[in-house]
Number of protein chains: 2
Amino acid sequence: MRSVNVTTGRTVGIALIGCGTVGTGVVRILQSEIAAIQAKTGIRLELKAVCVRNPRKKRAVRLPARLLTTDPHAILRDPSIDIVVELIGGIAPARDLILEAFRHGKHVVTANKALLAEAATAIYGEAAKHRRLLGIEASVCGGIPIIRSLREGLTSNNISHFMGIVNGTCNYILSAMSRQNSDFTDALADAQSMGYAEQDPSLDIDGIDSAHKLAVLARLAFRSEVPFDRIPVEGIRSLSAVDMQYASELGYAIKLLAIGKRDGKGLDLRVHPTLLPKDHPLSNVHGVYNAVFMHGDHTGDLLFYGKGAGMLPTASAVMSDIIAIAKAVAAQSWTMEPAPEDLPKLPVLPADRIASRYYLRFQVADRPGVLGNIARTLGQHDISILSVQQKGTHGGRSVPVIILTYTAREADLRAALRQIDRRPDVRQRTVVLRVDG
Amino acid sequence: MRSVNVTTGRTVGIALIGCGTVGTGVVRILQSEIAAIQAKTGIRLELKAVCVRNPRKKRAVRLPARLLTTDPHAILRDPSIDIVVELIGGIAPARDLILEAFRHGKHVVTANKALLAEAATAIYGEAAKHRRLLGIEASVCGGIPIIRSLREGLTSNNISHFMGIVNGTCNYILSAMSRQNSDFTDALADAQSMGYAEQDPSLDIDGIDSAHKLAVLARLAFRSEVPFDRIPVEGIRSLSAVDMQYASELGYAIKLLAIGKRDGKGLDLRVHPTLLPKDHPLSNVHGVYNAVFMHGDHTGDLLFYGKGAGMLPTASAVMSDIIAIAKAVAAQSWTMEPAPEDLPKLPVLPADRIASRYYLRFQVADRPGVLGNIARTLGQHDISILSVQQKGTHGGRSVPVIILTYTAREADLRAALRQIDRRPDVRQRTVVLRVDG
């Protein structure tokens with residue numbers, strides 16, 4: 001058996017582009033753990049440069065002036081740098097810098113889920129073309145080693161489906177709404193005051209961030225190109241305390257889930273608030289924690305749980321990629337995963353073809369016959385009813401009726417609701433939530 | 001930047017020694033997934049040989065006669081074999097075959113936790129000496145990629161502690177005892193009839209298997225040699241339904257845990273039944289499922305959950321090691337972790353130096369003053385009481401008294417109980433369980 005074993009003498013050069021929260025964490029870990037990492041792995045890392053917008057800004061870590069630059073291209077041209085860590089986020093200029101890094105023969109580590117979701121083909125394509133490695137552990141679920149587990153731990157499995165709580169902001173808000181029976185607006189304000197939600201929280205609460213992470217996970221889990229703009233997305237903005245309450249009485253928690261399923265026809269990918277039975281492992285994930293539940297054909301059910309964001313958890317994920325790639329650099333050899341052009345492009349199920357169980361809240365006139373009419377219309381559209389709960393009258397004018405359905409097609413449901421919501425005894429637009437787990 | 005990129009043409013030769021349950025699963029996955037694995041990873045695997053005791057035995061997989069051998073040494077000498085997968089279990093002859101495999105330049109994959117726990121220094125030492133890789137993912141928690149997460153995902157972290165449900169047999173028995181309020185003997189018989197417990201279940205129910213896995217995990221988590229024979233171990237044989245019941249009334253589940261903690265003084269490693277608050281993530285791990293909860297200084301709390309045993313989950317873990325090592329073989333290059341002689345040998349806390357909270361069940365005469373005497377003796381030994389529950393009288397002769405303590409030293413507790421259990425109004429040996437989480 002031939003082998004070229006490795007002398008571990010070679011120092012691997014690291015540069016950061018961007019030094020915000022996660023970058024600060026990476027610098028801090030590099031500064032404190034570089035000797036421990038060498039002792040554990042035999043790998044010698046050296047931080048060679050940090051590209052920042054303002055070198056004079058006060059930072060939480062001490063960085064020698066000689067490491068600081070404002071020119072990312074100086075980093076890309078520097079032959080002593082092996083691994084470029086992109087931590088500026090967003091599409092531009094991150095996209096072009098990463099493509100350029102590959103062209104200069106650098107390996108890249110990034111936490112940029114928006115970019116990985118929206119420009120996957122370009123990024124993976126350029127990496128493949130230049131035979132360079134791309135580390136993306138930090139892009140999904142912060143400190144949880146979910147990407148590595150998918151890429152390496154479960155390689156021989158076919159993943160049939162996964163469901164994840166991948167946005168800590170939304171989970172914090174939903175946990176607060178459920179615990180305190182509070183409204184969305186109050187829970188959001190609470191999350192903002194705790195620093196768990198941005199001042200403009202749209203990316204989180206409208207489900208976009210979860211959809212980015214879903215695209216990243218689905219690509220790895222299903223080994224398929226994933227067209228991000230085809231993913232149906234619903235956020236948590238319109239969730240009301242009363243539905244949290246009714247769901248709870250029926251034995252369900254409501255969680256914002258990123259759902260990926262694969263069947264013979266293609267990919268069923270979506271982000272939406274979902275009713276989960278309270279004894280489902282994901283129902284017990286509270287606050288800013290993240291968790292991903294998945295099913296491999298050989299492993300069976302798996303759950304990964306931990307902190308999905310924050311300086312050190314995310315920096316820990318960046319470090320795991322740096323170390324893994326540094327091993328390849330030190331070994332001067334690595335294997336490449338298939339290029340995007342070699343991946344199948346499985347079709348993504350459009351929103352109206354989704355099949356799901358549903359939670360429906362009708363607000364109806366409190367008189368005989370109304371429920372019968374609703375049930376008949378649902379039946380005419382092939383929607384079978386699992387249970388009906390009529391809630392106490394509120395002043396006699398209208399009452400909420402909660403219906404749980406068996407699995408139905410979204411298109412059928414929408415058609416039925418178009419008819420039902422036109423009826424004069426139905427007093428407001430019907431609330432629709434999906435049930436899973 | 002220099003690099004030697006890889007042509008993926010080289011076929012990597014695999015041989016199995018042992019073809020029982022897990023081996024059958026590995027053969028099945030290799031036979032069905034070999035093309036998919038090549039498409040996903042670029043790695044070409046070939047099953048070259050399977051060493052069995054009886055080549056004529058009827059098997060659940062079809063194996064061509066030319067692959068079967070009864071001579072493991074023929075495999076070790078075969079230059080076309082790169083990776084030897086040891087699946088016979090136990091110490092002899094597995095130990096010598098693995099050592100011999102390294103000497104012949106083979107890489108080794110094994111699920112043998114007993115061997116890894118009891119002969120770690122010899123095994124890792126020989127691997128290091130010959131610069132060969134050792135895959136052990138299948139040795140702990142079956143299909144859960146816990147080893148890979150510790151080795152690679154969390155490399156930059158210092159793990160301060162972990163707690164795991166690592167034996168599915170015990171967890172099945174405890175879940176049954178708790179759900180049906182049944183006795184240990186009945187629950188064990190149930191587990192045996194379901195095929196979840198061996199006819200001789202001692203290795204599982206006496207905690208030995210959990211201690212093996214604890215040793216394997218602690219070595220990786222704490223980067224230290226772990227003397228297996230110093231680990232204090234208590235199994236679940238003497239657990240009674242009444243303590244499950246009382247614990248539950250106090251808000252606790254009882255789980256058999258493998259616990260590893262590291263502090264300035266060394267390693268606190270132990271296996272014992274443990275009271276955990278019902279809202280602790282590990283309390284909700286039921287049946288044959290496994291889970292490991294751990295705390296990294298950067299990642300914070302993490303939980304990994306899944307099937308800890310069974311043909312395909314364990315085979316999936318073996319496959320993940322085969323593929324990872326095959327990548328190194330194809331790349332003709334790899335890095336080595338530190339040899340055992342370079343690992344610190346942190347001292348293991350002896351049983352009497354453990355500090356814990358305790359659940360104590362006293363069976364005492366139902367008359368005034370008895371409780372006061374017990375409380376005074378505990379106090380004299382520096383043991384503070386968190387709560388006391390006296391349970392209803394059973395026929396007037398004696399009553400159970402449940403005391404939960406604050407953290408105390410095991411030596412102090414044992415000294416106090418020696419005094420207390422000698423008292424005439426204490427009617428049976430006091431039941432001691434530890435509380436954590």
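This is a predicted model: local features need pLDDT of at least 70, side-chain atom pairs count only at pLDDT 80 or more; totals for chains, interfaces and linings use all residues.
**Interface of chains A and B**

The size of an interface is often given as the accessible area lost when the parts come together. Between chain A and chain B, about 5700 Å² is buried, and 53% of this area lies on carbon and sulfur atoms. Chain A contributes 59 residues to the contact, and chain B contributes 59 residues. Two salt bridges are counted between chain A and chain B. A salt bridge joins the side chains of A:Arg148 and B:Glu152, with an N to O distance of 3.8 Å.

**Helix pairs**

| Helix pair | Residues | Crossing angle |
|---|---|---|
| α7(A) and α8(A) | 168-180 and 184-193 | roughly 125° |
| α1(B) and α12(B) | 21-41 and 311-331 | roughly 45° |
| α7(B) and α8(B) | 168-180 and 184-193 | about 125° |

**α7 and α8 in chain A**

In chain A, the axes of α7(A) and α8(A) come within 9 Å and cross at roughly 125°. From α7(A), the residues A:Tyr172, A:Ile173, A:Ala176 and A:Met177 touch A:Phe184, A:Ala187, A:Leu188, A:Asp190 and A:Ala191 of α8(A). The contact of α7(A) with α8(A) holds eight nonpolar residues, no polar residues and one charged residue.

**α7 and α8 in chain B**

In chain B, the axes of α7(B) and α8(B) lie 9 Å apart, and the helices pack at about 125°. These two helices are therefore oblique to each other, and the crossing of α7(B) and α8(B) is right-handed. On the α7(B) side the contact is made by B:Tyr172, B:Ile173, B:Ala176 and B:Met177, and on the α8(B) side by B:Phe184, B:Ala187, B:Leu188, B:Asp190 and B:Ala191. By class, the residues of this contact are eight nonpolar, no polar and one charged.

**α1 and α12 in chain B**

The axes of α1(B) and α12(B) come within 9 Å and cross at roughly 45°. Helices α1(B) and α12(B) are therefore oblique to each other. Their crossing is right-handed. Residues of α1(B) in the contact include B:Val22, B:Val26, B:Arg28, B:Ile29 and B:Leu30, while those of α12(B) include B:Met311, B:Leu312, B:Val318, B:Ile322 and B:Lys327. The contact of α1(B) with α12(B) has 12 nonpolar, six polar and two charged residues.

Terms used. Residues are numbered from 1 along each chain as its sequence is written. Chains are lettered from A and ligands numbered from 1 in the order in which they are written. Side-chain values use heavy atoms; hydrogens and water are left out. Axes are lines fitted to C-alpha atoms, for helices over the stretch in contact, and angles run from 0 to 180 degrees between N-to-C directions. Helices (H or I, at least four residues) and strands (E, at least two) are DSSP runs, numbered from the N terminus. Contact means heavy atoms within 4.5 Å. Ala, Val, Leu, Ile, Met, Phe, Trp, Tyr, Cys and Pro count as nonpolar, Asp, Glu, Lys and Arg as charged, and the others, Gly among them, as polar. Buried area is the accessible area (1.4 Å probe) that two parts lose on being put together, summed over both. A salt bridge is a side-chain nitrogen of Lys or Arg within 4 Å of a carboxyl oxygen of Asp or Glu. Angles under 35 degrees count as roughly parallel, over 145 as roughly antiparallel, 65 to 115 as roughly perpendicular and the rest as oblique. A crossing is left-handed if the near helix is turned anticlockwise from the far one by less than a right angle, and right-handed if clockwise.
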